[in-house]
Amino acid sequence: MTKKALITGITGQDGSYLSEYLLELGYDVYGLIRRNSITEHQQSRLEHISSRVHNRYGDLLDVSTIDRALKEIQPDEIYNLAAQSHVRISYEIPQFTVQTNALGALNVFESVRIHSPHSRLYQASSSEMFGDSVDSDGKQRETTRMTPVSPYGCAKLYAFNQLRNYRNAYHIFGSNGILFNHESPRRASNFVTAKVIRNAIKISKGISKDKLQMGNLDSSRDWGHSYDYVRAMHQILQHDCADDFVVSTGETRTVRDLCRITFQYFNLNYEDHVEINQKYFRPQELPYLCGDCSKIKATLGWKPTYTFEALIEEMILSYLELYK
Ligand code: F7E
C-alpha cells in the first residue's frame with residue numbers, strides 16, 4: 001500500500017527536499033501551508049513538484065486545521081518541520097516563537113494522540129537546544145546537557161521534552177532529530193551562509209559597492225546539507241523504535257572561515273569587504289556547535305555525503321545562476 005506522509009512546514013528548505021525524497025520513494029505527500037499575501041513566494045521551493053504534492057492551508061496555532069488534516073489523511077508518517085526558525089528574530093518575537101515552536105508542536109502531538117495515534121511522528125529538534133553546553137571532548141551529543149540561550153532554543157527544548165513525554169505516557173511513536181545547522185541553495189537569504197554567499201557574488205560582480213554587514217564572525221557552527229539531513233529524518237522514522245538522534249557532520253567552522261572561503265572563491269579578501277555591525281549580534285551569543293553523530297551512524301547507517309566545501313561551492317554555483 002502507498003504510504004502517506006504529512007509535512008508541516010512543507011514550503012521551507014527542508015520541507016521541499018523532504019517532499020522530493022518521499023515522492024522518489026513512492027509516498028503520497030501532503031503538506032500544510034500557511035496563507036501568505038504573496039502567493040508566488042509561498043510555494044516557490046515546491047514549484048517543480050507542485051502537481052504531485054497535496055497541499056492544504058493550515059497553521060500549527062489553528063488546531064482545527066491540524067485535527068482535520070489528521071482525521072482525513074490518516075498519515076503513516078508526520079514530519080513536524082513548521083517553525084519560526086530564525087534564532088536572532090526569536091529575540092524580537094519571543095512570544096510568537098514560543099507559541100509556534102513549543103505550543104504549536106504540542107498541538108500536533110495532541111492531535112496525533114487523539115486522531116491518528118498509529119502515525120509515526122518526527123519532531124524537528126535543533127542543536128540550538130544545547131545552548132552553551134558542550135562535552136569535554138568538544139562535542140554535543142544526545143546525552144549532553146541542554147541549556148538553551150535563545151527564545152528559539154527554549155521553545156524547541158519544550159517540544160523535544162514534550163514529545164519524549166508523549167512517547168512514554170501514550171506510546172506514541174515520536175522521534176526527535178536533533179539537527180545541527182543545514183543549508184542548501186534553497187536556504188533563505190537571512191541565514192548566514194546564504195547571506196555571505198549572495199553578497200560576495202554581488203560584490204565580486206560590482207552589483208553592490210557596500211561592505212557586507214555581519215555579526216559575530218567567531219561563532220562556530222557544524223554545517224551540513226539539507227538534502228542529507230532530510231534522508232536522516234526519514235530513516236529515523238523507519239527505525240524499529242522511537243528514539244532521539246543527533247544529525248550533524250562532526251566538523252565545525254567559524255563564520256570567519258565561511259567568509260574567507262567564500263570571498264576567496266572570487267579571489268577577494270573578505271577583510272576588505274566585511275564590516276562588523278552590532279545589529280547582527282544576538283543578545284546572548286551561542287559560541288560553538290559541533291555534533292557527534294555516532295549514534296545515528298551506528299544505529300541507522302546514516303552518514304553525510306557533503307563536505308563543508310562542497311556545500312558552499314554548490315550554493316555559490318546555484319546563486320551565480322541567479323545573477324547571470
Ligand atoms: O547563524 C552568526 C550567528 O542565522 C549562524 C537555524 O536553522 O541553525 C540555524 O540557526 C551563525 C550564528 O543560524 C551573522 O550569530 C554572524 O552564530 O545562519 P544562522 P543559527 O542561528 O545557527 C539551527 C540549528 C536552527 O535550528 C535554526 O533554525 O552565524 N552570524 N553574522 C550571523 N548570522 C546571521 N543570520 N546573519 C549575520 O549577519
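Me: Which atom of Ser-126 lies 2.7 Å from an oxygen atom of the ligand?
Reply: A polar one in the side chain of Ser-126. Keep in mind that this is a predicted model.

Me: And how much of the ligand does the protein bury?
Reply: The protein buries 96% of the 700 Å² that the ligand exposes when taken alone.

Me: How far is Glu-285 from the ligand oxygen?
Reply: 3.3 Å, counted from a polar side-chain atom of Glu-285 to an oxygen atom of the ligand.

Me: Which elements give two or more residues to the shell around the ligand?
Reply: Those are α7 (192-204) and β8 (212-214).

Me: How many residues surround the ligand, and which are the closest?
Reply: There are 24. The closest are Ser-85, Ser-126, Tyr-152, Lys-195 and Arg-282.

Me: How does the shell divide into nonpolar, polar and charged?
Reply: The shell around the ligand has 9 nonpolar, 10 polar and 5 charged residues.

Me: Where does the ligand lie relative to domain 1 and domain 2?
Reply: Between them, because both give residues to the shell around the ligand. Domain 1 covers 4-182 + 224-247, and domain 2 covers 188-221 + 252-288 + 307-322.

Me: Changing topic. How many aromatic pairs are there?
Reply: The count comes to 7 aromatic pairs. One of them is formed by Tyr-265 and Phe-266, with 5.3 Å centre to centre and 65° between the planes.

Me: What kind of pair do Tyr-265 and Phe-266 form?
Reply: Edge-to-face. The planes are 65° apart, and over 60 degrees counts as edge-to-face.

Me: Which residues form an aromatic cluster?
Reply: Phe-109, Tyr-166 and Tyr-170 form one.

Me: On to the backbone. What is phi for Gln-74?
Reply: Near 50°, a positive value in a residue other than glycine. Most residues other than glycine have a negative phi.

Me: Where does Gln-74 lie, and how exposed is Gln-74?
Reply: Gln-74 is in the loop between α3 (63-73) and β4 (77-80). Its relative accessibility is 28%, so Gln-74 counts as partly exposed.

Me: What about phi of Asn-267?
Reply: Asn-267 is not a glycine, yet its phi is positive, about 55°. The residue is found in the loop between α9 (255-265) and β13 (274-276).

Me: Is Asn-267 buried or exposed?
Reply: Exposed, because its relative accessibility is 75% and the cut-off for exposed is over 50%.

Me: Where is the place of Gln-140?
Reply: In the loop between β5 and α6. Gln-140 has a relative accessible area of 0%, so it is buried.

Me: What lies 2.8 Å from a polar side-chain atom of Gln-140?
Reply: The backbone nitrogen of Cys-290.

Me: Val-149, where is that found?
Reply: Val-149 is in the loop between β5 (120-126) and α6 (151-170). At 7% relative accessibility, Val-149 counts as buried.

Note on methods
Residues are numbered from 1 along each chain as its sequence is written. This is a predicted model: local features need pLDDT of at least 70, side-chain atom pairs count only at pLDDT 80 or more; totals for chains, interfaces and linings use all residues. Side-chain values use heavy atoms; hydrogens and water are left out. A residue is near a molecule or strand if one of its heavy atoms lies within 4 Å of it. A polar contact is a pair of N or O atoms within 3.5 Å; within protein, one must be able to donate a hydrogen and the other to accept it, and residues adjacent in sequence count only if both atoms are side-chain atoms. Accessible areas come from the Shrake-Rupley method with a 1.4 Å probe; for residues, only the protein chains shown count as cover. Helices (H or I, at least four residues) and strands (E, at least two) are DSSP runs, numbered from the N terminus. Ala, Val, Leu, Ile, Met, Phe, Trp, Tyr, Cys and Pro count as nonpolar, Asp, Glu, Lys and Arg as charged, and the others, Gly among them, as polar. Domain bounds come from an automatic or database domain assignment. Rings of Phe, Tyr and Trp (its six-membered ring) pair if their centres lie within 6.5 Å; planes under 30 degrees apart count as stacked, over 60 as edge-to-face and the rest as tilted. Buried means under 20% relative accessible area, exposed over 50%, partly exposed in between (1.4 Å probe, protein chains only).
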